[in-house]
Amino acid sequence: MQSKSFSANTLEERQDIFEEYFDRDLEYYFTSRISCCEHCYDDFCREWPGTASRDQNFRKSGMEIGYFLDQSRIQDDFYPEEIAFFSKNLKCPNCHAALEGTFYIFEHSFVAEDFDLKSIADLARTAPFLLLSHPFAEQVFEVIKRKFDIAETLPVKAIWYRGRMARDVLSSPTLSDFGPPPAAKVAEGRYNHAGHAMLYLADSLKTVQGEMRVSEPIAVATIELDFPCKVLDLMISDDVGGDDDEVIQCLARSTLCAAPRKSDGWDRPEYVFTRFVADCARHTGFGAIRYGSVQHSEGANVVILDPPLEFGSIARLVTTDSV
Ligand SMILES: [Zn+2]
């Protein structure tokens, strides 16, 4: 095969040069690397559900390999038949499958120390009470303690939304219909242990609908909340200002804290790490955690970690809607 610019090199060397130029052009056009390809896209999304559902940079990062090669500077140094030949050996850096069809040009702007998803998930599943023995979990606890002093307070008289199945409330519901459930009825949740009632609120009606994931009618209360407590912020952000923010972004984006709910039964391993985070937050003095909705990509939720028994002392029912 004729070479446009490297006829003095062996075929093997030309392959290496081609791959080097491919990486050079990725860096040149996107200052980024490949996060996944069409073979490992689902695995990436399972590991990083927060990024997959909420980060627009990732959501817009898919590109056809053929289109990329057509547009890149690689054309200057290789004939089309060389490009067709050498590109067959390009590999996905994530799963090592051949790079074909769509690939995703995206890179997390952080790499937190000790963040080994598999070993954390294994420990969470086999010995959840010993999570703090994992160096990353220990780091999480320390970061949450440091975040307390600089954390924002939940705004006073803020409007939040909370839904219930319409069949479970009266036709003229009152505030208490939307308060924290009685302890005896509380199953394990994203942030709460069984028997420990927390109050989950959403920032919009749409978020409530997304979170409830039911086709039957729901009653949604608009609630004015007056509970100025410190909030642990677990929203995804590109503004990573240091090691502490890297740890928070690992939580916000990865399956540790952003995993979608998988079952209605008692076995909910996807909630072990979030409950650990809630324990760290409560122990530190936080009154709430704010986190992105996995079901509604623009929505946010807040969970009040220890709502007062007298719900009326912190909340006022503004309206109720049926949707
Ligand atoms: Zn791949």
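This is a predicted model: local features need pLDDT of at least 70, side-chain atom pairs count only at pLDDT 80 or more; totals for chains, interfaces and linings use all residues.

Visitor: What does the secondary structure of the chain come to?

Guide: There are twelve helices and ten strands. The C-alpha trace spans about 80 × 45 × 35 Å along its principal axes, and 34% of the 323 residues count as buried. Among contacts with a separation of 6 or more, 75% join residues 24 or more positions apart.

Visitor: At what angle do α8 and α12 pack?

Guide: Helix α8 (residues 135–150) and helix α12 (residues 272–284) pack at about 35°, and their axes are 9 Å apart. Their crossing is right-handed.

Visitor: Which residues of α8 and α12 meet?

Guide: From α8 come Ala137, Val140, Phe141, Ile144, Lys145 and Phe148, and they meet Phe276, Val277, Cys280, Ala281 and Thr284 of α12. By class, this contact has nine nonpolar residues, one polar and one charged.

Visitor: And how do I read the buried side of a single helix?

Guide: Start with the general idea: an α-helix has 3.6 residues a turn, so residues three or four places apart point the same way. Now take α9 (residues 205–212), where Thr207, Val208 and Glu211 are buried. These residues lie on the same side of α9 because they cover an arc of only 105° around the axis.

Visitor: Which strands do the buried residues of α9 pack against?

Guide: They pack against β4 (158–165), β5 (199–202), β6 (218–225) and β9 (300–304).

Technical notes
Residues are numbered from 1 along each chain as its sequence is written. Helices (H or I, at least four residues) and strands (E, at least two) are DSSP runs, numbered from the N terminus. A residue is buried if 20 or more other C-beta atoms lie within 10 Å of its own, exposed if 12 or fewer, and partly exposed in between; C-beta atoms are placed from the backbone. Two residues are in contact if their C-beta atoms, placed from the backbone, lie within 7 Å. Axes are lines fitted to C-alpha atoms, for helices over the stretch in contact, and angles run from 0 to 180 degrees between N-to-C directions. A crossing is left-handed if the near helix is turned anticlockwise from the far one by less than a right angle, and right-handed if clockwise. Ala, Val, Leu, Ile, Met, Phe, Trp, Tyr, Cys and Pro count as nonpolar, Asp, Glu, Lys and Arg as charged, and the others, Gly among them, as polar. The arc is that of the directions from the helix axis to the C-beta atoms.
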